[in-house]
Amino acid sequence: MGTSTNPVREALQQLRGEGFVVMAPNRGARVRPIDEDFVRDICEIEVLIEPALTRWFVGIATRADIDALEDLQQRIEELDFADEAKHSDLDLQFHQLMYDRHYNRHAVDLWVRHRQILGAISRQFSTSVKRQRDVINEHKELLRCLKVHDADAASAAIAKHVSGSGAHIIEHMRVSRHTRSGTP
């Protein structure tokens, strides 16, 4: 492609740093498998990051912020998962409202990248009715905590939300893997 090896090496190192490429001495680079372990690792990181971002948001949340979150939540509930893409967009807006003003841009950027990865993986799976209800209830609980400025409870609520989403994706991946391989 007419490119020297240095930009390619730099790109591979960046991809390695982001966890997308695995490098082995004398064997080169390969794309990391997108498997249950990969999703688990991302979710474990998110269970650390999102509660911290949420805790910070509790301290700065205004009445206008809460109103905007409630409006998004109402739109999410009205949509009732009838359109997965629209739901995903509204859910992204809901979480971005809380995280976008955070001073730690590295943490927010990492959250965005992880959200994009998990979104790409989960697009192939439908959201179970149980998970749909859980998402609605987890958002409601988070809103309740935000309204009373309870940072500890809001952090716990978002950790539960992230864990539930990760477990849902992993379960779908597991079922899909077993279905493809023909194992029970």
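## Gln132 in helix α6

Gln132 is buried at 11% relative accessibility, where buried means under 20% relative accessible area, exposed over 50% and partly exposed in between, with a 1.4 Å probe and protein chains only. The residue lies in helix α6, which covers residues 129–147; helices (H or I, at least four residues) and strands (E, at least two) are DSSP runs, numbered from the N terminus. Leaving out residues up to four places away in sequence, Gln132 touches Phe81, Glu84 and Thr127, contact being heavy atoms within 4.5 Å.

A word on the model itself: it is predicted, so local features need pLDDT of at least 70 and side-chain atom pairs count only at pLDDT 80 or more, while totals for chains, interfaces and linings use all residues. Residues are numbered from 1 along each chain as its sequence is written, and side-chain values use heavy atoms, with hydrogens and water left out.

## The chain as a whole

The protein chain has seven helices and two strands, and from the N terminus its elements run α-β-β-α-α-α-α-α-α. Its C-alpha trace spans about 55 × 45 × 30 Å along the principal axes. Of the 184 residues, 35% are buried. Among contacts between residues at least 6 apart in sequence, 69% join residues at least 24 apart.

## Helix α2 against α5

Now to a pair of helices worth a look on your screen. The axes of α2 (residues 36–60) and α5 (residues 105–122) come within 10 Å and cross at roughly 140°; axes are lines fitted to C-alpha atoms, for helices over the stretch in contact, and angles run from 0 to 180 degrees between N-to-C directions. That angle makes α2 oblique to α5, since angles under 35 degrees count as roughly parallel, over 145 as roughly antiparallel, 65 to 115 as roughly perpendicular and the rest as oblique.

On the α2 side, the residues meeting α5 include Phe38, Val39, Ile42, Cys43 and Ile45. Their partners in α5 include Ala107, Val108, Leu110, Trp111 and His114. By class, this contact has 14 nonpolar, one polar and two charged residues; Ala, Val, Leu, Ile, Met, Phe, Trp, Tyr, Cys and Pro count as nonpolar, Asp, Glu, Lys and Arg as charged, and the others, Gly among them, as polar.

## Helix α2 against α4

Helix α2 also meets α4 (residues 84–99), with axes that come within 8 Å and cross at roughly 65°. Here Glu50, Leu53, Thr54 and Phe57 in α2 meet His95, Leu97, Met98 and Tyr99 in α4. The contact of α2 with α4 has five nonpolar, two polar and one charged residues.

Val47 is another residue of α2, and at 27% relative accessibility Val47 is partly exposed. Leaving aside neighbours within four places in sequence, Val47 is in contact with Ala159, Val162 and Ser163. The C-alpha atoms of Val47 and Asp67 are separated by 25 Å, with the two residues 20 apart along the chain.

## Cysteines and His168

The structure holds zero disulfides, a disulfide being a pair of cysteine sulfur atoms within 2.5 Å.

His168 sits in helix α7, residues 151–181, and is buried with a relative accessible area of 17%. Not counting residues up to four places away in sequence, His168 touches Ser126, Thr127, Ser128 and Arg131.
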